[in-house]
Amino acid sequence: MKRTLIWFRNDLRITDHEALHKASIQQNPTLGVYCFDPRNYTTLEIGFPKTGSFRAQFILESVTHLKQLLQTLGSDLIVVFGKPEEIVPSICAALTIELVTYQKEIAPEEVAIEDALESALLKQHIQTTTYWNSTLMHPEDLPFPIQKLSELFTDFRKKVERETAIRNSLPAPTKLVSINHNLEFEEVTLKMLGLEKPQLSPLAVLDFKGGEAEAQKRLNHYFWDTNHISQYKETRNRMLGESYSSKFSPWLALGCISARSIYHEVKKYEQERVQNDSTYWLVFELLWRDYFKWIAAKHKGQLFQLEGLQKLQIQWREDEHQFMQWRTGNTGYPIIDANMRELLQTGFISNRGRQLVASFLTKNLGINWLWGAQWFESQLIDYDVCSNYGNWNYAAGVGNDARGFRYFNILKQAHDYDANGMYVKHWLPELRLLPDGKVHQPYKMAVNEKLLYDFELGKNYSKPMIDLDLSVKEIEGLYNMALKDRRTKIS
Ligand SMILES: Cc1cc2nc3c(=O)[nH]c(=O)nc-3n(C[C@H](O)[C@H](O)[C@H](O)COP(=O)(O)OP(=O)(O)OC[C@H]3O[C@@H](n4cnc5c(N)ncnc54)[C@H](O)[C@@H]3O)c2cc1C
């Protein structure tokens, strides 16, 4: 029986948790620790916090809930503001801990912290083990070594769908042997993290709350109470409302629920209610999530380089004023502005919305995609390092399966996915009175219409910051130049 310290990271739950399961079976005296790492609460060079208020609040809620859960099991969670490689060894010394265990992560910043912690603990002769809790499929069950992972999602998906079984979820422990302690740390608050309390917009379609119980509540709602899951494939590209997609991502990102638990609930739903394309598609999307984790594991730091996985040296612009217009939702293109304001005022936007705003930033404005990814990192309550940087690689055209210069036609998308302008009018009250046919292009209104609706560009709403067609052509030129340069270098 080893006195065990579990260093919680993005695995803030007790159900389907390998280390807790093991600790309860082996009856190891167990305590948890969560560190709010100061490096995640700095202001980035670009001028905004690495972790914004919405995300920090969601993390705080999730951590607080985990502490309560562990206490009901007889254990506890120490919550500290500090670097794990300093905090964990000092707790170990104070409480004569024999084993430290933690969830392995993939991205370079996280791995560097693991390495620093390992060497600090080695000096104290404390044993460490890691576990893997974060993907649908366990890495040991993949039918190929990570270095052989296909660069095409479809190849990956077909192979794993054929050859990889999903492991069962582990039950939550009913009791843990405690480690008594009287260590006291200052309570971590938003203020301590240098952040203000976020103001959720009254227009928000969902008030996300962190923690395992809330994740379970959302799952019950989406599956059993409403059967929304049975229409997922038809609704998933919408942008307005709580029901068009599962909204599981914030809880998945922090590990308040496991992808595996969701998978088994889908299977149960298929048996008890209905099995259709929609139930399949939810699991399909969870595979995308896995895929980006394996891509990050395979390509390591390259995922975070400006030239991306394609190693394309595109001449990105760094226009701070234009970037500010994008991130505050003042581009003059309603579908972009509505999404960017929703993100700013709630910490969440739809997948369709993310694709459109990322395409606009990179293919119309030609702005450094890392700036966009950092803004998402700061704002999104579901920020996941692999999904975020993986998707941004794709959006910027530097991802692993980039096939030439591809972009979203912003106006076509607006008409396809927000035909009557409901979404845009929801987030841009200044456009609410405009006729549906004009809401995506207020700059096209005739003089008499402007008078009729008392609407003036530049006063009620921004003028378009660029011409959509011309800008795309220009950026395509830069992209093709980068392709040519790379070919010349290779040959
Ligand atoms: C530029 C960009 C950045 C993104 N950044 C993130 C991020 O930081 N964190 C994040 O979780 N997702 C990210 N996504 C993926 C996707 O937009 C969100 O996972 C999804 O919108 C979350 O809503 P949902 O839970 O309702 O998804 P659903 O449509 O209900 O899908 C179910 C789950 O599948 C996974 N999933 C779905 N689509 C994707 C995808 N394209 N890539 C990876 N996983 C996916 C998510 O875990 C999601 O919760 C990003 C997409 C883009 C285009």
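A residue is buried if 20 or more other C-beta atoms lie within 10 Å of its own, exposed if 12 or fewer, and partly exposed in between, with C-beta atoms placed from the backbone. This is a predicted model, in which local features need pLDDT of at least 70, side-chain atom pairs count only at pLDDT 80 or more, and totals for chains, interfaces and linings use all residues. Numbering starts from 1 along each chain as its sequence is written.

View 1. Helices (H or I, at least four residues) and strands (E, at least two) are DSSP runs, numbered from the N terminus. In strand S1 (residues 4-8), 5 of the 5 residues are buried, so S1 is largely enclosed by the rest of the structure. In a regular strand the side chains alternate between the two faces of the sheet. On one side of S1 are Thr 4, Ile 6 and Phe 8, on the other Leu 5 and Trp 7, and all of these are buried. Two strands pair if DSSP finds at least two bridges between them. S1 and S2 run parallel and are joined by 5 bridges; Ile 6 stands opposite Gly 32 in S2. Strand S2 (residues 29-36) also runs parallel to S3, again with 5 bridges, and Phe 36 is placed opposite Phe 81 in S3. Strand S3 (residues 77-81) is mostly covered, with 4 of its 5 residues buried.

**View 2. Val 33 in the largest nonpolar core.** A nonpolar core is a set of buried Ala, Val, Leu, Ile, Met, Phe, Trp, Tyr and Cys residues joined through C-beta atoms within 7 Å. The largest one has 120 residues, of which Leu 5, Val 33 and Val 88 touch the most other members. Two residues are in contact if their C-beta atoms, placed from the backbone, lie within 7 Å. Leaving out residues up to four places away in sequence, Val 33 touches Leu 5, Trp 7, Phe 8, Leu 77, Ile 78, Val 80, Ile 87, Val 88 and Ile 91.

**View 3. Domains 1 and 3.** The domain bounds, from an automatic or database domain assignment, are 4-133 for domain 1, 213-299 for domain 2 and 320-490 for domain 3. The centres of domain 1 and domain 3, taken over C-alpha atoms, are 37 Å apart. Contacts link 12 residues of domain 1 with 12 residues of domain 3. On the domain 1 side, these residues divide into 8 nonpolar, 2 polar and 2 charged. Here Ala, Val, Leu, Ile, Met, Phe, Trp, Tyr, Cys and Pro count as nonpolar, Asp, Glu, Lys and Arg as charged, and the others, Gly among them, as polar.

**View 4. The shell around the ligand.** The shell lies between domain 2 and domain 3, because both give residues to it. Of the 29 residues around the ligand, Ser 245, Ser 246, Ser 249, Asn 388 and Asn 391 come nearest. Helices H8 (249-254), H10 (277-299), H13 (351-364) and H15 (385-396) each supply at least two residues of the shell, and the largest share, 6 residues, comes from H10. The shell residues divide into 13 nonpolar, 9 polar and 7 charged.

View 5. Glu 342 lies in helix H12 (residues 334-346) and is buried, with 25 other C-beta atoms within 10 Å. Not counting residues up to four places away in sequence, Glu 342 touches Ile 349 and Trp 427. Tyr 280 lies in helix H10 and counts as partly exposed, with 14 C-beta neighbours inside 10 Å.

Terms used: A residue is near a molecule or strand if its C-beta atom, placed from the backbone, lies within 6 Å of it.
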